[in-house]
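Visitor: I have not looked at this structure before. Please show me how to read its features one at a time.

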Amino acid sequence: MQNDELIPDFINDRLFNLFIEQLSKDFEMSGIKIGFIDTLNGDYKQIVATIKSQLKQSSIEALLYRVDISEAQLKNYCKINQLEFLDGASELIVKRILQKVIFRLKYK
């Protein structure tokens with residue numbers, strides 16, 4: 001996954017709604033409360049910041065496994081982009097969930 005290859009300005013409501021649906025599912029299946037979902041809008045930075053805030057309060061191992069982000073991938077991403085752990089994890093989670101949604105739309 002390249003740095004900004006999947007960062008949209010959530011071009012349309014459908015994509016954003018599908019992203020939110022998948023985000024909710026992945027968080028719930030990982031045992032993380034999703035009360036914050038209603039506060040999200042289509043702004044990438046706001047989404048990443050909100051997810052980071054949630055990750056500070058949660059155990060994220062199950063979520064990383066659920067969205068298919070390895071520890072090595074996360075460490076490499078943080079190193080390449082000079083990010084702290086939670087910043088990198090938040091960005092990768094958004095990108096990976098969006099990737100899942102786009103692939104599902106494309107190959108449906």
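Guide: Phe16, Phe19, Leu23 and Phe27 in α1 meet Ile47, Ile51 and Gln54 of α2. Helices (H or I, at least four residues) are DSSP runs numbered from the N terminus. The model is a predicted one, in which local features need pLDDT of at least 70, side-chain atom pairs count only at pLDDT 80 or more, and totals for chains, interfaces and linings use all residues. Residues are numbered from 1 along each chain as its sequence is written, and side-chain values use heavy atoms, with hydrogens and water left out.

Visitor: How many residues of each class are in the contact of α1 with α2?

Guide: Ala, Val, Leu, Ile, Met, Phe, Trp, Tyr, Cys and Pro count as nonpolar, Asp, Glu, Lys and Arg as charged, and the others, Gly among them, as polar. By that scheme the contact of α1 with α2 has six nonpolar residues, one polar and no charged ones.

Visitor: At what angle do the axes of α1 and α2 cross?

Guide: Axes are lines fitted to C-alpha atoms, for helices over the stretch in contact, and angles run from 0 to 180 degrees between N-to-C directions. Those of α1 and α2 come within 14 Å and cross at roughly 10°. The two helices are therefore roughly parallel to each other, a label for angles under 35 degrees.

Visitor: Which residues have the most contacts inside the largest nonpolar core?

Guide: A nonpolar core is a set of buried Ala, Val, Leu, Ile, Met, Phe, Trp, Tyr and Cys residues joined through side-chain atoms within 4.5 Å. Buried means under 20% relative accessible area, exposed over 50%, partly exposed in between (1.4 Å probe, protein chains only). The largest core here has 30 residues, and Phe19, Leu23, Phe27, Leu40, Ile51 and Ile93 have the most contacts inside it. At least two of its residues come from each of α1 (13–29), α2 (44–56), α3 (61–66), α4 (71–81) and α5 (85–106). The most come from α5, with seven.

Visitor: What is Ile51 in contact with, leaving aside its neighbours within four places in sequence?

Guide: Ile51 touches Leu23, Phe27, Phe36, Ser90, Ile93 and Val94.

Visitor: How many salt bridges does the structure hold?

Guide: Side chains of opposite charge can pair when their charged atoms come close. A salt bridge is a side-chain nitrogen of Lys or Arg within 4 Å of a carboxyl oxygen of Asp or Glu. The structure holds five. One of them joins Asp26 to Arg66, with the closest N and O atoms 3.0 Å apart. Asp26 lies in helix α1 and Arg66 in helix α3, so this pair ties together parts 40 residues apart in sequence. Asp26 also forms a salt bridge with Lys100, at 3.1 Å between the closest N and O atoms. Lys100 is in helix α5, 74 residues from Asp26.

Visitor: Is Asp26 buried or exposed?

Guide: Asp26 is buried, at a relative accessible area of 0%. Lys100 is buried at 15%, whereas Arg66 is partly exposed at 29%.

Visitor: What is the phi of Gln82?

Guide: Most residues other than glycine have a negative phi. Gln82 has a positive phi, near 50°. Gln82 sits in the loop between α4 and α5 and is exposed, with a relative accessible area of 72%. Asp68 has a positive phi too, near 70°, and is found in the loop between α3 and α4.

Key:
Contact means heavy atoms within 4.5 Å. Angles under 35 degrees count as roughly parallel, over 145 as roughly antiparallel, 65 to 115 as roughly perpendicular and the rest as oblique.
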